[in-house]
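Dear colleague,

Please find below the structure that I am handing over to you. I would be grateful if you read the notes after it alongside the coordinates.

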Amino acid sequence: MSGALILLATLGSSLLAAVIIFLLPERAFRARTGLNLGAALIKLGLVAWMVWGLSRGGEYAVEFPVLEGLAFVLRADPLGIMFAGLSSLLWLFTTVYAIGYLEDSPNRKRFFGFFSLCVASTLGISLAGNLFTFLVFYELLTLSTYPLVAHRGTAKALAAGKVYLRFTLTAGLVLMIGMVALHALAGDIRFGQREILAEFGPERRPLLVGLFWVLIAGFGVKAALVPLHGWLPRAMVAPAPVSALLHAVAVVKAGAFGIVRLVYDVYGIELSDALGLLNGLVAVASVTILYGSLRALAQQELKPRLAYSTVSQVSYIVLGIGLFGPLGTIAALSHLLHQGLMKITLFFCAGNYAEELGIHRIDELDGAGRRMPLTSLAFTVGALGMIGLPPVVGFLSKWYLGTGAIQAGLPWVIAVLVASSLLNAAYFLPILARLWFRPGPDHGVGAWPEERRLGRLETHAWLLVPAVVTALFSLMAGVLAGMPFSPLEWATGVANAEYLP
Amino acid sequence: MSDVLFAVALSSALLWPLLLALRLPLKAALAQRGRPPAPLDGLWCTAPLPALALVLGLGEGTLALDWWLLGGVWALDGTRGPLLAFTALLWLLAGIYARGYLAGEQARAVAGDGAAEARLTRFALLWPVTLSGNLLLLVAEDIASFYLGFAVMTFAAYGLVVHSGTRDARTGGLAYLVMAVLGEGLILAGLLWGAGSAGTTTLGGLREGMLEAPGGAWMGLLLWLGFGVKAGVVGLHLWLPLAHPVAPTPASAVLSGAMIKAGLVGWLATLPLGEPGAGQAFAWLGRAMLVAGLAAALGAALYGVCQRHPKAVLAYSSVSQMGMITALVAMGLVAPALWPALSAAVVLFAAHHGLTKGALFLGVGIGEHPPRLPAWLLWTLLVLPALSLGGALASGLATKWAFKSVLYDGGHAAVVTWLSLAAVGTTALMARTLWCQWQGERQAREDGLEPLVAPMPLAWLATLLAALTLPWWLGEGLATPGGPPPAELPGLLWPLAVGLVASVTAWGVARHRPLRATWRLPPGDLWWPLARAWQASRRRGQACLARLGLAQGAWVAWWVARERDAVRALDGMTRGEAWLRRHAAVLMMVVAVGLALALLFSAA
């Protein structure tokens, strides 16, 4: 199969699935499930094929002109395919989880239709070859996520959806203004053509700096940088699979990925460093990391605590970008994957507690480890990874961030990392202590808020398996970090390509 | 061939405890119906056996694994070997002891007591996991594995501390966890900074890199304090006296005997000890360590003799002993030339303290459940390890002679004097422990005697034997066999004599004029004021946060109000339009008349 065809097939598989799902009637449960899983598997297979092809020197690209001097470009480079691999892998688990989660609930057709549209846009973002294509899919992602956030239709869900739209649409507008200005200045910049901006004379430098921060403001809303993070904790009212999608797979990651593309493939890391942009990014990321952790500490409910934890953890990616040097880049790129694996595990588990036992508040978790041992084990793995303890992948991110900070000559960043680790421990360890060491309803103390026995296992198998599998992935990706095709190895390869001429 | 054998032996030593831990939930799942299985069986006790076989059978070797974390390097050498040997032995004997100690709980669990079963399962699961972490940190040469072992041991041991689930246990567990997390943070900072500067992933590379890196001494300070939490450096020792008394006795024994040595292992692994090119900054760090060590050695002894619980006294004794070890390690920075000889003494000290303190802690349980032995024999056996820790005989005497001779030869007589003063304190602490035990034992003897041939007394006796004969079986290079020459004995034994006289005097005075202290010195000293200060500052912080939240709410509300104003302005336009529509005819008339008038006047 030719390179262009395989790219279009990857993108088309979810688009087509979305269209067919909208055409199917609401009650066609089996057909919809089969279609969802089939599309997810096919996409994962195609992306795996491209990973294999890329590692052997293959090329995948397709483009056609839209206007004079503006083209729609899709291209699979190592960085893009890394993000595509992450999102299609996690997508499979999220689909399985969503099918189990939404069993017997209304409006499943609408949900899964937009769900597929969402993955199509995420894939488009990862495979986009220039800013214009990126922006098209980025906006599509915004619009296709809104129905998912507001899915429940309650007043709270609608309000959260409204906040979400306000933030993201404004950001999209800012982003478009920035891109148009950049286009007017330098023409159509393909990702990777770093020499175009690097060749501008010193008189254009202030303009470039200004445009950079305009674009960062645009991306920063989805990446939940403080003070543009307000929508993320509000969006917690959405169903658990949507939270997983917002926090681990698509939306927040799309913002972070946009910053990665902007720094590495449009401005180029050397120009960004020369313009002093990286220090600004480090400062913004440090503030976000600490602020997010502090706010997480103050939350009494499980999902908001996880949401603020995301605010903090996603900024590790931005921090890594800001650390000039290969180690910082490895940290940023690998954390893009690592954070996804760990956070999706945590959200799956939070959803399981809510579905099976009706638990929303942290103080209701006492003794849940005895009632739901596998879910709690998965949660423990995710939480320890977030704190940064080996052998979970979070340790590797922290290691590369720390050593990268020394390489970039910013040793004070280590203090930020340690403070964040301590805060992470302060808000995750009490949860773990409650899960495992406090007596709960299964020890004969109190009662669960709303217990439903969803399956023969500790909960519905479709809910349990994805959580356990992603936890295993986070563990194995850490233990076997030295193996080829591990997230760390892939990120190292991309970073080396970035710094070696 | 021997490489392959070493690799197999090492991985089985690390994996066997984990497999034993995994076995429990599997067994429980398989035996869902019917009576619950007893978790602490004979097989469970064998967890440290492969590690013991490794160190006694194979000795030295190296294993490198490229795929493991950041690249794994595990090694066994002249320093690690003896540490691993005494650690594995202590874990083995404490494990056997635990079977007896928790037999009552096990019987209740099998009989169907759900709470006992849950507690016991947790203990049986976390004990081998903690052991596995302890073993890994001893053999790890790469930083990631070392940190992994340290973290696994630290966090799994929390479950052992809070085993009983009482209020005191929760307080002890909280103190343990808070301090441990602080320590982990400091260690992480030191490791990242050092490894980043040196560009290395191994501990050897870290030690060398620190010598040249700018700010190397600050890295050393971070690592010293970070590991110092575990080793009970003064000020960071708060968790020890709170966690030890509440943990089950076998857990206290390994906590005090084996796990706090992990802090020492951390120092040995990361600090550039005995490096002649270490520079002045490191020498200053060494002096700080020396002062802190001696302060801990003396201060803990003074505070410890005021305690009432024998395990709390023993915990303060551990702080005091680790203070002496800290002082010896500090000499590796202050006087690097002494280190090759001194390091052997430090390892011997660690092994001696580990096993002897283990025997003392296990002895506390023996005092509470006395076996069928004549009272004089039981008390002789209980006094022996106390005398050994005071430096009067066997391994204690050998250890004292080992470091004293090195320090005298190096011309550091002042340090020796201070250490001897600390030994006076140790003697007083031991007297206090035995006194506390004596009070409890008389009561226990009236309640009835336990059989002698049972796991508890046998494991205790074996630990005692291993501790006393330590210099003869642990590595020839560490101790001079045969002990010190007789001429040196008075110099070595006077602290014991002074300590005994002081204790007896204090006892005599207290008997005639009972000290009616209106205040009690609680175990955990600084923990209580710090905890109160924390609560107060937390309340203040919450008030601040609440104000901040109000301010944010006001800010958002202001914007929402502006938005409403804008919408109202838009509505106003709509109303204006409607008004225009309604009055269009009149307005047109007015305009037309106006125009006509204007034309008229302009024409005129």
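The notes below cover confidence, the contact between the chains, the nonpolar core and some individual elements.

This is a predicted model, in which local features need pLDDT of at least 70 and side-chain atom pairs count only at pLDDT 80 or more, while totals for chains, interfaces and linings use all residues. Residues are numbered from 1 along each chain as its sequence is written, and chains are lettered from A and ligands numbered from 1 in the order in which they are written.

The model scores ipTM 0.93 and pTM 0.93. Chain B has a mean pLDDT of 89, with 97% of its residues at 70 or more; pLDDT is the predictor's confidence in each residue, from 0 to 100.

Between the chains, 27 residues of chain A are in contact with 26 residues of chain B (contact: C-beta atoms, placed from the backbone, within 7 Å). On the side of chain A that touches chain B, helices H18 (393–407), H19 (412–437) and H20 (461–479) each supply at least two residues. H19(A) gives the largest share, 7 residues. Helices (H or I, at least four residues) and strands (E, at least two) are DSSP runs, numbered from the N terminus.

The largest nonpolar core has 396 residues, and A:Val318 and B:Leu328 have the most contacts inside it. Helix H8 (residues 167–198) of chain B provides the largest share of this core, 18 residues. Such a core is a set of buried Ala, Val, Leu, Ile, Met, Phe, Trp, Tyr and Cys residues joined through C-beta atoms within 7 Å. A residue is buried if 20 or more other C-beta atoms, placed from the backbone, lie within 10 Å of its own. Leaving aside residues up to four places away in sequence, B:Leu328 touches B:Leu342, B:Ala345, B:Val346, B:Phe349 and B:Phe403.

In chain A, helix H10 (residues 240–249) is mostly covered, with 10 of its 10 residues buried. Among the elements that cover them are helices H3 (78–101), H11 (251–267) and H15 (326–357) of chain A.

In chain B, strands E1 (residues 61–65) and E2 run antiparallel and are joined by 5 bridges (strands pair if DSSP finds at least two bridges between them). B:Ala64 stands opposite B:Val73 in E2(B). The hairpin has 6 residues between the strands, and B:Leu69 takes a positive phi near 45 degrees there. Strand E2 (residues 72–76) of chain B is mostly covered, as 4 of its 5 residues are buried.

With kind regards

Key:
Contact = placed C-beta atoms within 7 Å. Buried ≥ 20, exposed ≤ 12 C-beta atoms within 10 Å, placed from the backbone.
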